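Hello,

Here is the structure I promised to pass on to you. Please have it open while you read, and my notes follow below.

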Amino acid sequence: MALKDKYKELIDAATTAGVSDLKVREQDNVLYIDGNTANGTVKDNLWNIYNKIDPDFRAGDLILNIDASAAVGSKAKVATQSSNLNIRKGPGTDQEIVGKAAHNEIVTVVSKANDQWSLIRTDSGKEGYVYSQYLSQA
Amino acid sequence: MRCGQSHLKNLFMKKNLLHYYFLVFGIFALIIGSCKGKSSQTTTTDTAVTAPADNTITKTPDTAVIISADDSLKKMITDATKDFPGVTATVDQGVITLTGNITRDKLPKLMMSVNALHPKKVNNNLTINK
């Protein structure tokens, strides 16, 4: 069965949810689905569908990359599981921690250093880099 | 008679001179014309060259799958797995292999992080607790 058929429900859901820049490509027996959404729930829903089709993500035949991180200039919510989010001097876990943002705190996204790290500013004026995965559009 | 002859000669010369003027003017006009033609042709060629280039730019992201280099993946995977203490990740030729232990509720978050790094493939060999 072609991978596009196997993951048809997922591709259809992404299309229906209005995921922008949606790209679906198959290469060397791996399906690559990339896209952007401003809605974190859409991303979670797509991952739930992925988990349903391929329980515990064992098959290794899909790379699902849906970017739901907050856009530059917008407000973002700290979406950690429960802990505080480290604010670092530079983009990397090897960089010094210069502050912390609380779980569910609203911060401003100043810029994006790369796919993983965003430069943010807290309401109290602290500025530094955080892991973008833990920011959701507020 | 002589006077008449010289008058005629003068007239003939003037006529010739006029011809020369027209000839020079004509050549000049031709040169300008051909130059204009060339410059407009260049403009058209430029536009023609730009158009396919634009098409290529818009087409490339649709077809090519971006796979991160191993060095970059190794650096990024450290950040991506930092909050998952029992998990070990190795990188080989774009393929990320996950081993160790994780709870089922944390697995999607880890997979989201790892999938966002542009790997070629992810092998999930984790032992899932709960």
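**Notes on the structure**

In chain A, A:Asp56 sits in the loop between α3 and β3; helices (H or I, at least four residues) and strands (E, at least two) are DSSP runs, numbered from the N terminus. Its phi is positive, about 60 degrees, although A:Asp56 is not a glycine. A:Asp56 is partly exposed, with 14 other C-beta atoms within 10 Å. The cut-offs are these: a residue is buried if 20 or more other C-beta atoms lie within 10 Å of its own, exposed if 12 or fewer, and partly exposed in between, with C-beta atoms placed from the backbone.

Before going further, please note that this is a predicted model, in which local features need pLDDT of at least 70 and side-chain atom pairs count only at pLDDT 80 or more, while totals for chains, interfaces and linings use all residues. Residues are numbered from 1 along each chain as its sequence is written, and chains are lettered from A and ligands numbered from 1 in the order in which they are written.

A:Asp28 lies in the loop between β1 and β2 of chain A, and its phi is near 50 degrees, a positive value in a residue other than glycine. Most residues other than glycine have a negative phi. A:Asp28 counts as exposed because it has 9 C-beta neighbours inside 10 Å.

Now for chain A as a whole. Its secondary structure comes to three helices and 10 strands, in the order α-α-β-β-α-β-β-β-β-β-β-β-β along the sequence. The C-alpha trace spans about 55 × 30 × 25 Å along its principal axes. Of the 138 residues in chain A, 34% are buried.

Next, the strands. β1(A) and β2(A) pair in the antiparallel sense over six bridges; strands pair if DSSP finds at least two bridges between them. In this pairing A:Glu26 stands opposite A:Leu31 in β2(A). β2(A) is also joined to β3(A) by six bridges, and these two strands run parallel. There, A:Tyr32 has A:Ile63 in β3(A) as its bridge partner. From β2(A) the chain crosses through α3(A) to β3(A), a β-α-β crossover that is right-handed (with the strands pointing away from the viewer, the path from the first strand over the helix to the second runs clockwise). Why is β2(A) largely enclosed by the rest of the structure? Six of its seven residues are buried.

Helix α2 of chain A covers residues 8-16, and its buried residues are A:Leu10, A:Ile11 and A:Ala14. They lie on the same side of α2(A) because they cover an arc of only 100 degrees around the axis, taken from the directions from the helix axis to the C-beta atoms. The face turned away from that buried side carries the exposed residues A:Asp12, A:Thr15 and A:Thr16. What do the buried residues of α2(A) pack against? They pack against α1 (3-6), β1 (20-27), β2 (30-36) and α3 (40-53) of chain A, where a contact means C-beta atoms, placed from the backbone, within 7 Å. Just after α2(A), A:Gly18 takes a positive phi of about 75 degrees.

Finally, the contact between the chains takes 20 residues from chain A and 20 residues from chain B. On the side of chain A that touches chain B, β1, β2, α3 and β3 (62-67) each supply at least two residues.

Terms used: Two residues are in contact if their C-beta atoms, placed from the backbone, lie within 7 Å.
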